[in-house]
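Dear colleague,

I am handing over the structure we spoke about, with the sequence alongside.

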Amino acid sequence: MPTRHKAPDYDGGPLVTVIGESLMDIIDDPRRGTSSRQAHPGGSPLNVAVGTARLGLPTSLVTHYDDDAYGLMIEKHLQSNGVAPVRGGDASTSTATATLGRDGAATYAFDITWDLNGAALPALAAVQASRHVHTGSIAAVLSPGDAAVRSLIDVARSHATVSFDPNCRPGISPDVAAARDRVEAFVAASDIVKASDEDLSWLYPDRTPEESLAAWLELGPAVVALTRGAHGPVLLNRQGRVELPGETVNVADTVGAGDSFMAALISGVSQLDLLGAAARPRLVALTPADLPALAGYANRAAAITCSRPGANPPGMVELGALAPPLRV
């Protein structure tokens, strides 16, 4: 039978809920001289939420930011992109300073607090109303908020599909053994998992990233994805494997590229009508013919983001709809 492509149905609530940190990305680009510092709303989960919203999926973000100057910038950014925030915690807005190298790649220094104190009930309501829940990054490993995140994911499993991106930050969680344990617990609770080659090389230095990806597939997800920068992505499921080359693009920087990949992967799965717990058996049975379309769609989203400064994911007008799969 042909794979179905359809617009998502929803009852006015969020189709997707993302759980995780919001922060200000302070980008220092020495290539642009002494006045190179710029501040942009960021954080991997925030970027994914903006990405899914721009791709037409009604999205909420369970997060933290304060009513300070940076927090107001974050709130304006979320509202302008149609993301509904659910706020917890009472600390100041977190920051991440990204210093860009000659190739546009970023290294980070963080001032982060992660807590969802005071938002338990609205966060639970958002998760219960959603067909898909995404989390990852600092939110999955930093106390005290990480415990709340895991509880929300456990609730989500009964009715929603779940995705996870570890987006490892050794400066935040330097104990690699502890980080590995937490990451694997989230992988086992997820249906779709994405990681970069840098994530997997840090978590598992004694094996190749693709060996680690295959091991994660055995923990339970339906689809696992590996991003490798300019070398392109690899997608695995129980039926097959696809590897695509990186798209040729003039790189402004790589900030947010992986988050755009993740958002487009969620959007692609939605266009295949495979979000939600009821669709889980069909997601697990996804054919090898569908994998190239999903990989290519997410790959294009990441390339568009790399072509312009900061975490600026594409919308549906730029990216278009998921291409029909090749039938083998």
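This is a predicted model: local features need pLDDT of at least 70, side-chain atom pairs count only at pLDDT 80 or more; totals for chains, interfaces and linings use all residues.

Residues are numbered from 1 along each chain as its sequence is written, and side-chain values use heavy atoms, with hydrogens and water left out.

I begin with S130, which sits in the loop between helix 3 (120-129) and strand 8 (132-136); helices (H or I, at least four residues) and strands (E, at least two) are DSSP runs, numbered from the N terminus. S130 counts as buried because its relative accessibility is 2%, where buried means under 20% relative accessible area, exposed over 50% and partly exposed in between, with a 1.4 Å probe and protein chains only. Its side chain reaches the backbone oxygen of A126 at 2.7 Å, and a polar contact of 2.6 Å joins the side chains of S130 and T17. A polar contact here is a pair of N or O atoms within 3.5 Å; within protein, one must be able to donate a hydrogen and the other to accept it, and residues adjacent in sequence count only if both atoms are side-chain atoms. Not counting residues up to four places away in sequence, S130 touches P14, L15, V16, T17, H159 and A160, contact meaning heavy atoms within 4.5 Å.

T59, in strand 4 (residues 59-63), also has P14 and V16 among its contacts, together with V18, A49, T52, A53, G82, V83 and A84, once its neighbours within four places in sequence are left aside. T59 is at 3% relative accessibility and therefore counts as buried. The side chain of T59 makes a polar contact of 2.9 Å with the side chain of T52, and a polar atom of the T59 side chain lies 2.6 Å from the backbone oxygen of L57. Along the chain T59 and V133 are 74 residues apart, yet their C-alpha atoms are separated by 9.7 Å.

Turning to helix 3, L121 is found in this helix and counts as exposed because its relative accessibility is 68%. L121 and V86 are 35 residues apart in sequence and 9.9 Å apart in space, C-alpha to C-alpha. The axes of helix 3 and helix 4 (residues 145-156) come within 9 Å and cross at roughly 30 degrees; axes are lines fitted to C-alpha atoms, for helices over the stretch in contact, and angles run from 0 to 180 degrees between N-to-C directions. That crossing is right-handed, a crossing being left-handed if the near helix is turned anticlockwise from the far one by less than a right angle, and right-handed if clockwise. In this contact A123, L124, V127 and Q128 of helix 3 meet L152, V155 and A156 of helix 4, and the residues divide into 6 nonpolar, 1 polar and no charged. For these classes, Ala, Val, Leu, Ile, Met, Phe, Trp, Tyr, Cys and Pro count as nonpolar, Asp, Glu, Lys and Arg as charged, and the others, Gly among them, as polar.

In the loop between strand 8 and helix 4 lies P144, and a cis peptide bond, with omega about 0 degrees, joins S143 and P144.

Helix 8 (residues 257-271) has end C-alpha atoms 21 Å apart, which agrees with the 21 Å that its 15 residues should span at 1.5 Å a residue, because the expected span is 1.5 Å times one less than the number of residues. Helix 8 is mostly covered, with 14 of its 15 residues buried. Helix 8 and helix 10 (residues 291-306) pack at an angle of about 145 degrees, with their axes 8 Å apart, in a right-handed crossing. The residues of this contact divide into 12 nonpolar, 6 polar and no charged.

Helix 8 is followed by D273, which lies in the loop between helix 8 and helix 9 (280-284). Phi of D273 is near 60 degrees, a positive value in a residue other than glycine, and D273 is buried, with a relative accessible area of 14%. N167 likewise has a positive phi, of about 40 degrees, although it is not a glycine. The place of N167 is in the loop between strand 9 (161-165) and helix 5 (176-188), and at 14% relative accessibility N167 counts as buried.

With best regards
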